[in-house]
Each structure stands twice: as structure tokens, then as C-alpha cells.
Amino acid sequence: MLGVLRRKVACKANGVSALGQGIRVVASRAFSSSGKEMTVREALNSALDEEMSADPKVFIMGEEVGEYQGAYKISKGLLEKYGPERVLDTPITEAGFAGIGVGAAYYGLRPVIEFMTFNFSMQAIDHIINSAAKSNYMSAGQISVPIVFRGPNGAAAGVGAQHSQCYAAWYGSCPGLKVLAPYSSEDARGLLKAAIRDPDPVVFLENELLYGESFPVSAEALDSSFCLPIGKAKIEREGKDVTITAFSKMVGYALQAAEILAKDGISAEVINLRSIRPLDRSTINASVRKTNRLVTVEEGFPQHGVGAEICASVLEDSFEYLDAAVERIAGADVPMPYAANLERMAVPQVEDIVRAAKRACYRSTPLAATA
Amino acid sequence: MAQIIHRSTNLLKPVSVAVSATRHLTTASTTPITVETSLPFTGHNIEPPSRSVETTPQELLSFFRDMVLMRRMEIAADSLYKAKLIRGFCHLYDGQEAVAVGMEAAITKKDCIITAYRDHCIFLGRGGTLMDAFAELMGRKDGCSKGKGGSMHFYKKESGFYGGHGIVGAQVPLGIGLAFAQKYCKDENVTFSMYGDGAANQGQLFEALNMAALWDLPAILVCENNHYGMGTAEWRAAKSPSYYKRGDYVPGLKVDGMDAFAVKQACKFAKEHALKNGPIILEMDTYRYHGHSMSDPGSTYRTRDEISGVRQERDPIERIRKLILSHDLATEKELKDTEKEMRKEVDDVIAKAKESPLPDSSELFTNVYVKGFGVEAFGADRKELRAVLP
């Protein structure tokens, strides 16, 4: 999958864009360390700032994005810098403003629509799917929709059933949409910039609990022309015994699990999917052909989830390479409970990932009895 | 209606006559008193009701007691949240108590109420207990939703309270649906669908209201206009912030939501109207002292002067206190004692609620369905934890 990203816009005081050359393949070891750390929040804010600066057609619309500085402070300072014509506070009317955003995109503007959480995107889902995702196809290429729908996705802490759902699988199943899920600050910067520059509708799934987390960023990532390719996963940790796929917050959990597994002599390869749609099947399959075992990890509901698609893909393309059944770790099959102990059981924990990886390596005791 | 209760010479007199020091607060009489609402009602496509409201000493004192209890509960919830005993979202109602209390005084438990996430006091008004509320807020098994719902999801179906909803605006079509069912079952009761000024712009509200009007449903839409939708002032969100007029062909009434008697009168009037003529909108002009939620300081989009100004001029509890004192129904000390008593009650219940255990792990899988047909449900590790849904 070629992620060719071109800057159509006159870069301001920016000098040469290294992007004109085409594909940018990311392996963080290749970049020089900048010694700098950045929170995911800062990463997203700087990405929005730079893209708005570079292209006057980019504007932001959503609840509390302007005067309130953003419900989670992602759009802090942008109203002051770009003014109320480009940073628009909307009423609490998702169906309306998502539709307005898509209409603006039809006309050629580049909206970034914020949902305060993706739970509220359900009020607007008709526009995301029917008005945005399908338009390029239905119009045979006349009406393209260069829009980004972004916001926090998945569980936070103690916010209950109506505010905790993960929408990766739903949006990921829809042709015409691109669906991204950053983990680190570099992911956040590079993928958001790519999303805004992309001519197709992009659903950008952030995570509230990651906003405050700090990650080291390479010097390259700090450059305003930095961009990550859409549709390419990243090997966060190389290994040879078992492949663990994850996205968003679960990447952190998978990395922790890999540390624990290493102490037990199991070398886990952790893949940060970065892109739910298009899914990087070649990276996943190449990894499984190397390790012969797979654990998929996601926060969302298990049935028809991202893990189910990955499992099917691996069975289709790499069946002979599998030495064990594919293991799936996902959110529990229940609406998210509020009580702290129940919530903990409803969301994957590091020990669940460790246990599943050991099972895939035939290193565990017989299966536990039914609950 | 009016019953003069003959007691000793310490009878409560409804006029400003000096009475002896020993009155019986708890056995207040039901002698009728008439009070005037602070402001006249404004009608949209309807003749507004009179400003004169019938009440009794008993009702006045119970209004005071109930509102003080609600106020104390919300302040205590603030502390519990800061102590991290309450998690997630917590939206407090202090300042808006008159709406909950005035509404209850006009209706029965056969009438239904549905609201959004600022639901603690409505729940109390519908007969929920402090224990139900605090245990739920702390996610314990003795909570009204067994700890599985949290702050935004209190319910009490047996007294007509249908929650407790997290998605802005969704509760309005749901409430109109309750009204639909009431009419379908020929119940002669009404439903109050409560929403805020932020939700007032939601399309689904107008869709459902149109149907309520077409089908003459006994639906009363109550806009609790506290003038801010999270951090956005009403004039920044609505081209027309006259929410009582937004029904267009549906009549509306603008009500001083800080005056429990105005609320009571309006709700009584609305119930009579809705049973005969279909939907009506009530706009309650009210105010929340806290920010939108515990994550919002509430001071970045409004001034502290504005907040303290409302507290000084329009506080609903103070209004009732003044009425009680001016009618000589209690002394200042007696009212202060009531406040102390309510504070102690809240503190006692919180101590008990803290002892309530977390729900049992098996509750993870209960109530997914009413009828699960024996299907399997899974925990995060589907090979480690699974259950059969009965």
C-alpha cells in the first residue's frame, strides 16, 4: 500500500518539503533522536496548528473547540491564532454539524470535525457513512470528501456504558473510509497530518487516556512536513516467538506484556496497527510467518471486531505458518459497567495478554474452568 | 383541601401574628396559604396561569427540607469526587433544586419523568433514597443501579423515573415515547421530558415534538435553561434562545425556575393542558452553581460575579426561607436546625454507603438481556472468563 503524500500548498517559511519524493516508510530507529518528549495532546495540537497554517482551506468545527480551548484541550490556542471563521464552536448537534462539514468538504474545503467522544458520532453516523464514505464512488470520482472526523474513542475511566464504546470495528468495515488509530505522540502527529492532507474521509480515533502521556519524538517528527503513511503498521518491538497486534492504548499494554513475557523466555513481536482501514495485512502476515503464533488485542467488543478480521486474514494468507490457534483479547461482551472492579474486568489487562500469548506458545496450564 | 388542625393554643396561624415560641415544625398544618410567584409567566400561543399559587405551611416546610437535602447531597458529592470515591463524570444540580421540588409537588408518581445526566436531585424527588444515590455514585452494590450505571444512570421505574441519560437530547424522544405509551394505555397521566438549553437545539427533539403534536400526546417538554451548554452560553448556541417559543405551533410557558411555586404552578397547568390538548413546552429559567461537571471549573466562560449574584438574588432555598420566615412558620434557628439535621443525615448515609461492598464479579454478566437463551458471553480473555446468559 503506497502512502503517497504530496503537499499541494505553498509552504510558508518552511523550506524544502522532503515529502515530494513519495513514500515515507517509518522505522523510528532510523530517525535521529531529538532528545525531546511530547505528550499526545501537544502532538495533536501542533499537527492541527501546522496543517491550518499550511492550508487556509483547513478549518476545525466541533463542541467547545474554540473559546473553551477544546474539551480535552487538543485545540488549545487555535481560535486565538486562526480566528472564529476557522475554529467554529458548534451547538450540541452532531448530526447537523457533521452534515455541514461533509457539505463543506464536497465544495472543496478541508474540515476537521471533532466529536467530543466517538460515542456522539453515532448521532452523525449517517453522514459519515452515507454522505462521506460513499460519495466518491457514487459520483464516479466527481465528489471527493477530504474530511477528518476526530476525537477520543473507546473506554476512559468510570464513564459508564454510553461513553465507553470503541468504534474501530464499525468504521473499519466501511469501504470509502480510512480509519486511523494513533498510539504514540509521533503516531498522533504523523497520522493526523496525513489524515488532514488525505483527499478521502478519515476517521481518526484518539484515546482520552493517552492524551496526557509523554513519548520521545524524533527530530524528523518535529518538522512541520512530517507525515506518516496511511495503511502501514509499525513494528514497535521485534520478536520471534509470538506476534501481538494492537492499536491505540492497547499498544502500551502489549509492550508491557512483551516485557513480562521476555522474562519467561518468550520473545513477542508487537505490532502497532496505526491504520485500521486500510489494514496492513502484509506486515501482519509477514510477522506471523516469522513467529507462527498470533494474539490480537483490542478494547472493543469481540464479535465482528478488529481481531476477528485479522484472524481471518491470517488464516487466509498464512494458514500453513500457524502453529497454534489465533488468540483474541478484547473488551468483555457486556455494556461497560461503572463499578471499578467490574470495569476492570470489562477491559483487557496486561495479564490477559500475557496469558493468551503463553497459551499460543503452549506454555500455560490447562484452560480455567467456566466462570 | 383546607383543613384546620385544632391543636393546642400553639396553632400555626397563616398570618403575621406573633405566635408562641413552641411551634411544632414537624406537624405543620395544611391551612391554605396563597403565595405570589416572583415573576409573571410569559406565554407563547397560550394564556399563562395566574401568579397566585395555593400552598400550605406543610408544603412550604417540606420544600425547604427537600431542597436543603438536595443541596447538601450535591455538595457532598463534590467532596467525594475530589476524594476520588466518585469516578468518571459527575454533573451537579445545586442551584436548580426548585425545578425538581416544584415539579414533584404538582404531579404523582404515576406521571413519568425522564431527564439527562444531571439527575441526582430528580431521582431524590421521585422517591430515591440518599443511600441509593451515594452507593451508586461510588459504584457499590447497594446503588440504585447496583453500581453498574454510575452518576448519569439513576433510575426508579416504580415511581415513574426513567433515568438518567448520557447522550444529549436522546431523552426527549424517549420521554415522548413514554407519553405515547401512556396515551396508548389510556392512563390519564403525563410525561415530563427534561433537557437543557444545550440539548434544545437537537434535531431529534423537533422530530419527536412534531409527532407528539400530530398525535396529541400527553408530553410536557421541560427545558431547564441554566444558560450554558457545557462552556457555551445560550446566545452562542441558539439563534433564538427563547426556548419556550421554539415549539412554534406547540404552546409554551416561560417560568422562573428558581421559584419552586412558579414551577409547581406551571407543571400543574401543563399537566392539565397536556391531558386535553397535547404537548406543551415549559422553559425553566434556572442556574447551576457548579460547572458543567466536576471536570469543568465553571469559571472560564462566566464570571464569579455572575455566579455570586445569582446566589444572592435568586437562590431557591433562600426564597423559601424568606417565605417561611415572613409567614412565621418557623424561626431562623429552627430552619438552621433543619439544615444541620439534613447535613447530618447526608453524612450518616455517606458513611454507610462507604461500607457498602463493590458488586460481585458475577454481576459483570447479569442484565445484558432479559432473556439470554443460554448464549455465551465472554470476558476480556474469552478462554479464561465466560458466562452463560440465562
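Select helix H3 (residues 94-107) of chain A: H3 lies across strand E2 (58-62), strand E4 (110-114) and strand E5 (148-152) of chain A, and runs at about 165° to E4. Helices (H or I, at least four residues) and strands (E, at least two) are DSSP runs numbered from the N terminus; axes are lines fitted to C-alpha atoms, for helices over the stretch in contact, with angles from 0 to 180 degrees between N-to-C directions, and contact means heavy atoms within 4.5 Å. This is a predicted model, in which local features need pLDDT of at least 70 and side-chain atom pairs count only at pLDDT 80 or more, while totals for chains, interfaces and linings use all residues. Residues are numbered from 1 along each chain as its sequence is written, chains are lettered from A in the order in which they are written, and side-chain values use heavy atoms, without hydrogens and water.

Next, select the sheet of chain A. Seven strands form an open, mixed sheet in the order E3-E2-E4-E5-E7-E6-E12; two strands pair if DSSP finds at least two bridges between them. Its edge strands are E3 (87-89) and E12 (275-277).

Now pick strands E6 (178-180) and E7 (202-206) of chain A, which run parallel and are joined by three bridges. Here A:Val179 stands opposite A:Val203.

Finally, show chain B with chain A. Each chain gives 50 residues to the contact. Seven salt bridges cross the interface (a side-chain nitrogen of Lys or Arg within 4 Å of a carboxyl oxygen of Asp or Glu). Select B:Asp381 and A:Arg359: their side chains form a salt bridge at 2.7 Å, N to O.
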